[in-house]
Amino acid sequence: MDVEELRQLYAAGERDFSIADLRGAVLENINLSGAILHGAMLDEANLQQANLSRADLSGATLNGADLRGANLSKADLSDAILDNAILEGAILDEAVLNQANLKAANLEQAILSHADIREADLSEANLEAADLSGADLAIADLHQANLYQAALERSNLTGANLEDANLEGTILEGGDNNLAT
């Protein structure tokens, strides 16, 4: 499937694009809100400013994908692989990222408020100034992650691995900025 075919099918009302091979595709500014991309291959795809709100990307591979400024609010990214993906400024509020692999992903200034990030691999990820308020990070792997000035108010960090994470300036409930050990 090529990008033009995808656009035409979506415009015609088709929503199920499971297992589509769109590796390296240029999908900048595309509207795929509510689309089913379960298991889709989107490695190295350009999805800057894409509207993927409420999309099902569970089990999809997005290694090295560029999702800067993309809207992924309420999207399902459970079990997705986003190693080295660029999610700078992306909107992921209320997204499901449980057991997702986000190793070394760039989530600088991303909005992950109330996201389900349980058991996700965020090791070496850049979460500088990210909004993780109300997020569920139980058992998440955040070792060597950069959480500089990240907002973690009301977040669940039960069992999370914060070994060697940069927690400088991290914002916690009640303004306690001393999470670092």
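Guide: Let's start with secondary structure. Helices are DSSP runs of H or I with at least four residues, strands are runs of E with at least two, and both are numbered from the N terminus. Keep in mind that this is a predicted model.

Visitor: How many helices and strands does the protein chain come to?

Guide: The protein chain has 1 helix and 0 strands. The helix, α1, spans residues 3-11, and Ser78 is one of the residues in the segment after it.

Visitor: And what is the average pLDDT of the protein chain?

Guide: pLDDT is the predictor's confidence in each residue, from 0 to 100. Here the chain averages 95, and 95% of the residues score at least 70.

Visitor: Over which residues does pLDDT stay under 50?

Guide: That would be residues 174-181. The model gives this stretch 9 contacts beyond four places in sequence.

Visitor: Next, overall dimensions. How does the radius of gyration of the protein chain stand against that of a compact globule?

Guide: The idea is to set the chain's value beside what a globule with that number of residues would have. For 181 residues the rule gives a radius of gyration near 16 Å, and the chain has 16 Å, so the two agree. Look at the box as well: along the principal axes, the C-alpha atoms fill roughly 50 × 25 × 20 Å.

Visitor: What share of the contacts comes from residues 24 or more positions apart?

Guide: Among contacts with a separation of 6 or more, such pairs account for 1%. For one spatial example, take Ala160 and Leu77: they are 83 residues apart along the chain, and their C-alpha atoms are separated by 19 Å.

Visitor: What does Ala160 touch, then?

Guide: Leaving out residues up to four places away in sequence, Ala160 touches Leu137, Ile139, Ala140 and Leu142. Ala160 lies in the segment after α1. Its relative accessibility is 17%, so it counts as buried, the cut-off being under 20%.

Visitor: What percentage of the protein chain is buried?

Guide: Buried residues make up 46% of the 181.

Visitor: Which residues have the most contacts inside the largest nonpolar core?

Guide: For a core, you look for buried nonpolar residues joined through their side chains. The largest one has 62 residues, and Leu92, Leu107 and Leu112 have the most contacts inside it. Beyond four places in sequence, Leu107 touches several leucines, including Leu87, Leu92, Leu102, Leu112, Leu122 and Leu127. Its partners also include Asn126 and Glu128.

Visitor: Back to Ser78: is it buried or exposed?

Guide: Ser78 is buried, since its relative accessible area is 12%. Apart from residues up to four places away, it touches Ser58, Gly59, Val96, Leu97 and Asn98.

Visitor: On to charged pairs. How many salt bridges does the count come to?

Guide: You look for a side-chain nitrogen of Lys or Arg within 4 Å of a carboxyl oxygen of Asp or Glu, and the count is 5. Asp21 pairs with Arg23, with the closest N and O atoms 2.5 Å apart. Asp21 is partly exposed at 34% relative accessibility, and Arg23 is partly exposed at 49%.

Visitor: Which residue forms a salt bridge with Arg68?

Guide: Asp66 does, with the closest N and O atoms 2.5 Å apart. Arg68 is partly exposed at 35%, whereas Asp66 is buried at 10%.

Visitor: Which residues are linked in a network of salt bridges?

Guide: Asp116, Arg118 and Asp136 are. Between Arg118 and Asp116, the closest N and O atoms are 2.7 Å apart. Arg118 is partly exposed at 33%, while Asp116 counts as buried at 16%.

Visitor: Last topic, backbone angles. What is the phi of Asn29?

Guide: The thing to look for is a positive phi in a residue other than glycine, and Asn29 has one near 65°. Asn29 is exposed, with a relative accessible area of 52%. Gln144 also has a positive phi, about 65°, and is partly exposed at 41%. Asn29 lies in the segment after α1, and Gln144 is found in the segment after α1 too.

Terms used
Residues numbered from 1 in each chain as written. Predicted model: local features only at pLDDT ≥ 70, side-chain atom pairs only at ≥ 80, totals over all residues. Heavy atoms only, no water. Core = buried A, V, L, I, M, F, W, Y, C linked by side-chain atoms within 4.5 Å. Buried < 20%, exposed > 50% of the residue type's maximum accessible area, 1.4 Å probe, protein only. Contact = heavy atoms within 4.5 Å. Rg over C-alpha atoms; globule rule 2.2 N^0.38 Å.
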